[in-house]
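Colleague: Could you walk me through this one? I would like to ask a few things as we look at it together.

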Amino acid sequence: MCKVLIFGCISAVMLLIAAYGAPLPTEKESLLKTLIRDLKFLEKNKNKIHLDLYTPSEKQECSWQTLQCYLTEMGTLENEIEEEDFNYLQNIKKNLQSLMNLIPLGTGCKICEANDKKEFPAFHQELNNFLISMLK
């Protein structure tokens, strides 16, 4: 009896949310917001990381390849970040991979190594801007 009441209330709330135009967050949207939040924790390392990283400049049609490039370059940061930020880096890598599983593979996109190399602050900003653009 109690379970029926609880499920009934949950269903009613979901219907009200849907009726008033507040969309329920999708897995993709949730991953993007988590990635953007976790990137903020790496921001304090901007002036401590002295690497040039391939920084994609592709548009939305090449989102999969762009994310793959960022994921690969994130792997090179493992020895460069402070120990207390290592878990954030691991979460970013895991969530980039999960996001890639949700979007189609683009065609006619350039490989990661064909992109310009930029210093970490620019790389960080470009990745953040790309993730924000995917939210729209």
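**A walk through the chain**

Modeller: Happy to! Let us start with Thr55, which is buried, with a relative accessible area of 2%. Please keep in mind that this is a predicted model.

Colleague: Good to know. Where in the chain is Thr55 found?

Modeller: Look for strand β1, which covers residues 52-54. Helix α3 is the other element to find, and Thr55 sits between the two. Its place is therefore the loop between β1 and α3.

Colleague: Which backbone oxygen does the side chain of Thr55 reach?

Modeller: Follow the side chain of Thr55 to a backbone oxygen at 2.9 Å. A polar contact needs N or O atoms within 3.5 Å. The oxygen that Thr55 reaches belongs to Leu53.

Colleague: And how far apart in space are Thr55 and Ala114?

Modeller: In sequence, Thr55 and Ala114 are 59 residues apart. In space we go from C-alpha to C-alpha, and there the separation of Thr55 and Ala114 is 9.4 Å.

Colleague: Leaving aside its neighbours within four places in sequence, which residues is Thr55 in contact with?

Modeller: Contact here asks for heavy atoms within 4.5 Å. With the neighbours within four places set aside, the partners of Thr55 are Tyr70, Asn115, Asp116, Lys118, Phe123 and Glu126.

Colleague: Let us turn to the cysteines. How many disulfides does the count come to?

Modeller: Two sulfur atoms of cysteines need to be within 2.5 Å to count. Cys62 and Cys109 have their sulfur atoms 2.0 Å apart, and for Cys69 and Cys112 the value is 1.9 Å. The count of disulfides comes to 2.

Colleague: How many residues apart are Cys62 and Cys109?

Modeller: Cys62 and Cys109 form a disulfide. This pair links distant parts of the chain, with Cys62 in the loop between β1 and α3 and Cys109 in the loop between α4 and β2.

Colleague: Is the disulfide of Cys69 and Cys112 left-handed or right-handed?

Modeller: We look at the torsion about the S-S bond, which is about 55° for Cys69 and Cys112. The link of Cys62 and Cys109, with -90°, is left-handed. Because of its torsion of about 55°, the disulfide of Cys69 and Cys112 is right-handed.

Colleague: What pattern do the disulfides of the chain follow?

Modeller: Here the bonded cysteines are counted along the chain. Cys62 pairs with Cys109, and Cys69 pairs with Cys112. The pattern is 1-3, 2-4.

Colleague: One more residue, please. Is Gln65 buried or exposed?

Modeller: Gln65 is found in helix α3, residues 63-75. Leaving aside its neighbours within four places in sequence, Gln65 is in contact with Leu105, Gly106 and Cys109. Buried means under 20% relative accessible area. Gln65 has 18% relative accessibility, so Gln65 counts as buried.

Colleague: Lastly, what share of the residues in the chain is buried?

Modeller: The chain has 136 residues, with an accessible surface of about 8500 Å². Carbon and sulfur atoms hold 57% of that surface. As for the residues, the buried share is 34%.

Methods. Residues numbered from 1 in each chain as written. Predicted model: local features only at pLDDT ≥ 70, side-chain atom pairs only at ≥ 80, totals over all residues. Heavy atoms only, no water. Buried < 20%, exposed > 50% of the residue type's maximum accessible area, 1.4 Å probe, protein only. Areas by Shrake-Rupley, 256 points an atom, 1.4 Å probe, with all protein chains shown as cover. Helix = DSSP H or I, 4+ residues; strand = E, 2+ residues; numbered from the N terminus. Polar contact = N/O pair within 3.5 Å; in protein donor to acceptor, adjacent residues only side chain to side chain.
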